[in-house]
Amino acid sequence: MSELYLFDTYERQVRQFQPLEAGKVGLYCCGPTVYNYAHIGNLRTYIFEDLLYRALKMNGYEVNFVMNITDVGHLTSDADSGEDKMEVGSKRTGMTAWQMADFYTQAFQKDLKRLNINFPDTWCRATDHIKEQIEFIEDLEKKGFTYQTSDGIYFDSRKLSSYGQLARLDIEGLMAGARVDNERQHVTDFALWKFSPADEQRQMEWPSPWGTGFPGWHIECSAMSAKYLGDYFDIHCGGEDHIPIHHTNEIAQTEASRGTRLANFWMHGYFLQLDNAKMSKSAVFLTLDRLIEKGIDPGVYRYFCLTAHYRTQMSFTWSSLEANGVALKRLYQAAYDWGAPGTLLDEYMARFNACINDDLNLPRALAVTWDLIRSNEEPSAKKATILAFDQIFGLDIANYQPQVVEIPADIQKLAEARAVARKEKNWPLSDELRDTALAAGYIIEDTREGWQIKKQ
RNA sequence: GGACGGAUAGCCAAGCGGUUAGGCAGUGGACUGCAACUCCAUUUAGACGAGUUCGACUCUCGUUCCGUCCUCCA
């Protein structure tokens with residue numbers, strides 16, 4: 001087995017992965033803010049994280065996988081102004097913020113299941129960890145990294161010389177165009193705790209040493225990852241949009257409080273683009289449900305994501321999705337036709353592992369797979385090998401069954417009549433019968449053994 | 001306006017300083033009464049302009065465009 005190499009955003013290079021503790025990996029992935037359905041762009045990131053999880057397992061690591069659910073405190077603007085997304089979503093849906101969080105958490109988990117994405121070992125909700133977050137802020141306060149304004153407790157980013165290293169932020173550049181809005185002292189300062197408005201009862205608020213309110217968005221990840229994985233763990237993942245703000249601030253908090261940069265590796269999934277724009281800003285908000293309504297199997301979307309490297313922005317088009325649906329169907333059918341699995345093909349396994357361990361190069365791994373499909377190896381060996389590949393792909397190749405269609409009696413009769421016509425070499429009648437069946441939605445095909453009927 | 005990334009054939013999308021990525025579509029062929037399915041083969045690249053090099057899709061610089069984040073204006 002080749003060594004595992006992964007791209008680390010912090011170092012901006014591919015590095016050999018070495019666990020902090022032999023044989024074990026602590027993995028933290030930023031989960032959803034549950035105020036709406038996940039769109040397929042969000043889901044691409046979770047597929048990437050699942051591939052990483054599977055690759056770590058393939059390399060023999062015991063993985064402790066933690067994912068948070070942000071159910072409070074994520075403002076509509078990342079500049080720590082604007083309304084809480086949860087409160088906004090609550091007004092939109094008519095549910096309470098608590099009901100809505102539960103509703104969208106379940107919708108999210110259903111999407112993960114349908115995409116064959118492994119669940120984390122630990123789910124952690126921000127609202128279940130208010131105490132930990134308050135303690136974290138208290139520690140930052142004690143160490144002199146906070147200041148208070150009329151609307152909350154803020155992190156003083158100037159106290160940290162390394163601030164912004166992850167994103168290679170140019171602080172001077174940011175300052176040049178900085179908006180002096182509230183009492184925030186510096187562009188890169190951010191809220192740790194926000195006070196409830198004096199004239200308003202929020203649905204989600206808690207007492208704290210500084211007054212009633214709710215935690216800032218970034219503190220939950222520092223506090224909860226520390227609780228479940230420790231102050232310095234192996235890998236932290238999220239979407240590329242988290243690099244400049246969210247992850248930068250998580251690192252700042254943890255460096256200030258614990259003196260570590262939180263994670264050894266920082267990995268980011270890149271956006272799915274729709275019409276050359278980030279999906280969430282597009283007029284079209286595509287969910288997995290929408291794909292299913294259009295007759296597209298969730299597995300097709302998963303396969304579609306495998307065709308691009310996780311670190312490149314990928315263009316979504318219906319035609320490319322459908323093209324990959326055709327490819328996946330051929331892959332499934334080929335594997336199905338190979339029958340029972342036999343012995344692994346070492347050469348293909350080695351090539352496959354090399355692709356996966358080269359920073360999760362799934363497109364290359366698929367190329368190896370198509371080599372395997374077109375090769376002249378023993379079917380049983382090919383089957384065993386592709387099933388091993390599927391430990392990473394997660395396409396559930398083992399359970400694929402060709403679609404069994406109920407053939408109506410009249411269609412059966414058409415096919416039988418056509419067989420007779422063909423025997424008599426009555427081609428016009430034969431073609432007419434086939435066309436009639438086609439008009440009813442059934443395709444009659446000739447095989448060596450006779451005819452077979454497929455649904456259109 | 002700033003920082004950070006990107007630009008590959010009809011579409012999606014990889015690796016690589018010289019030697020086939022892959023998939024889908026298309027084209028040619030085998031099979032078929034004709035098709036379909038399947039199989040075999042195969043055309044079309046590297047945003048633009050310079051530079052480095054024996055050789056650049058790959059490295060450097062500039063330009064244009066796209067994305068993310070920040071900001072400004074409206």
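Buried means under 20% relative accessible area, exposed means over 50%, and partly exposed lies in between, with a 1.4 Å probe and protein chains only. Helices (H or I, at least four residues) and strands (E, at least two) are DSSP runs numbered from the N terminus.

The model is predicted, so local features need pLDDT of at least 70 and side-chain atom pairs count only at pLDDT 80 or more, while totals for chains, interfaces and linings use all residues. Residues are numbered from 1 along each chain as its sequence is written, chains are lettered from A and ligands numbered from 1 in the order in which they are written, and side-chain values use heavy atoms, without hydrogens and water.

Chain A has three parts, with bounds from an automatic or database domain assignment.

| Domain of chain A | Residues |
|---|---|
| domain 1 | 7–269 |
| domain 2 | 274–399 |
| domain 3 | 409–455 |

The centres of domain 2 and domain 3, taken over C-alpha atoms, are 34 Å apart.

Helix H6 (residues 219–229) is largely enclosed by the rest of the structure, because 9 of its 11 residues are buried. Among them are Cys 221, Met 224 and Leu 229. Gly 230 follows H6 and has a positive phi, near 95°.

Four strands form an open sheet in the order E6-E7-E8-E9, with antiparallel pairing; strands pair if DSSP finds at least two bridges between them. Strand E6 (146–149) and strand E9 (213–215) are at the edges with a single partner strand each, so one side of each has no neighbour in the sheet. Strand E8 (residues 190–195) pairs with E9 over 3 bridges, and Phe 195 has Gly 213 in E9 as its bridge partner.
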